[in-house]
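Visitor: I would like to learn how to read a protein model, one feature at a time. Could you give me the general idea first and then the case at hand?

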Amino acid sequence: MGDKILTKLEQKFDLNLTAHYLFKDIVKYTVIIVAIAWILHVLGINLESILISLGVVGIAIGFASQDIVSNFISGVFVISDKRIKVGEVIEVNNFKGTIKKVGFRNTIMINQDNFEITIPNSVLSKNIYKMYKPTEDHRLRIIATLPHGMNIPEFKEALDKIMYEYNWVISGKTTIFSKDYTEWGPKVEVSYWITEYKYTDCGKVTILENINRLIDEYKKQEK
């Protein structure tokens, strides 16, 4: 339900994915706080007295959670700066990747090996980071196992012909190479570059569907 409302807000106000995740975090934490307050009220527990009694404990916890507070405050500055956004390619502390999510405490990015890297926002605020061109690393990598006897160059040509029909695929920029040979056939990695990060998920699904279609057609011809 919340995602549907956010989607409508994005369409109405032309919000990007960064704003989507931030609003999602705000809604999540707000709901949690309101739910806890309501449960305490139903149980007849005085919330004000609890807050007062926790004052001293809160000071001790505050010292123990300086990193959390630092990351949160840094996150506010990172978000307000509006340079670190979902889909941007950055490099910080020798880690390079595409930003997947910007939160109040951490920023998550995907590196070239498709691993998630969590960067504390305090690292982004205290260190120099490098920003790359928008389409530098909007790359979709798909691993597929082709049937025995299937010609890889011909497969690539047929797949390119299909994929380049999509306006979000960068024409002429694709790679395919063998990774391994299994008992079912050669395992290959297919890579396509796309124009915008928002097409990542649907793009992978589209590539897989077209690969499976070509494999099915090949198997029918071989029968």
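**Reading the model**

Guide: The secondary structure of the protein chain comes to eight helices and eight strands, where helices (H or I, at least four residues) and strands (E, at least two) are DSSP runs, numbered from the N terminus. This is a predicted model, in which local features need pLDDT of at least 70 and side-chain atom pairs count only at pLDDT 80 or more, while totals for chains, interfaces and linings use all residues. Residues are numbered from 1 along each chain as its sequence is written, and side-chain values use heavy atoms, with hydrogens and water left out.

Visitor: What is the mean pLDDT of the protein chain, and which elements have the lowest and the highest mean?

Guide: pLDDT is the predictor's confidence in each residue, from 0 to 100. The mean for the protein chain is 75, and 68% of its residues reach 70 or more. Among the elements, helix α4 (residues 55-64) has the lowest mean pLDDT, at 49, whereas helix α7 (residues 152-163) has the highest, at 92.

Visitor: Which aromatic pairs could I look at, and how many does a search of the whole structure find?

Guide: A pair of aromatic rings is described by the distance of the centres and the angle of the planes. Rings of Phe, Tyr and Trp (its six-membered ring) pair if their centres lie within 6.5 Å; planes under 30 degrees apart count as stacked, over 60 as edge-to-face and the rest as tilted. A search of the whole structure finds three such pairs. One of them joins Y164 and Y192, which lie edge-to-face, 6.2 Å centre to centre with 80 degrees between the planes. This pair links distant parts of the chain, since Y164 is in the loop between α7 and β7 (169-182) and Y192 is in strand β8 (residues 185-194), 28 residues apart. Y164 is partly exposed at 25% relative accessibility, whereas Y192 is buried at 1%.

Visitor: Why is the pair of W168 and Y199 called stacked?

Guide: The ring centres of W168 and Y199 are 5.7 Å apart and their planes stand at 15 degrees, so the pair is stacked. This pair, too, links distant parts of the chain, with W168 in the loop between α7 and β7 and Y199 in the loop between β8 and α8, 31 residues apart. W168 is buried, with a relative accessible area of 9%, while Y199 is partly exposed at 22%. Together with Y166, W168 and Y199 form one aromatic cluster.

Visitor: How many salt bridges does the structure hold, and where can I find them?

Guide: Side chains of opposite charge can pair when their charged atoms come close. A salt bridge is a side-chain nitrogen of Lys or Arg within 4 Å of a carboxyl oxygen of Asp or Glu, and the structure holds four. Among them is the bridge between D160 and K156, whose closest N and O atoms are 2.7 Å apart. Because they are four residues apart in helix α7, D160 and K156 are separated by about one helical turn. D160 is buried at 9% relative accessibility, but K156 is partly exposed at 26%. Another bridge joins E189 and K179 (3.8 Å, N to O), and this pair links distant parts of the chain, E189 being in strand β8 and K179 in strand β7, ten residues apart.

How values were computed:
Buried means under 20% relative accessible area, exposed over 50%, partly exposed in between (1.4 Å probe, protein chains only).
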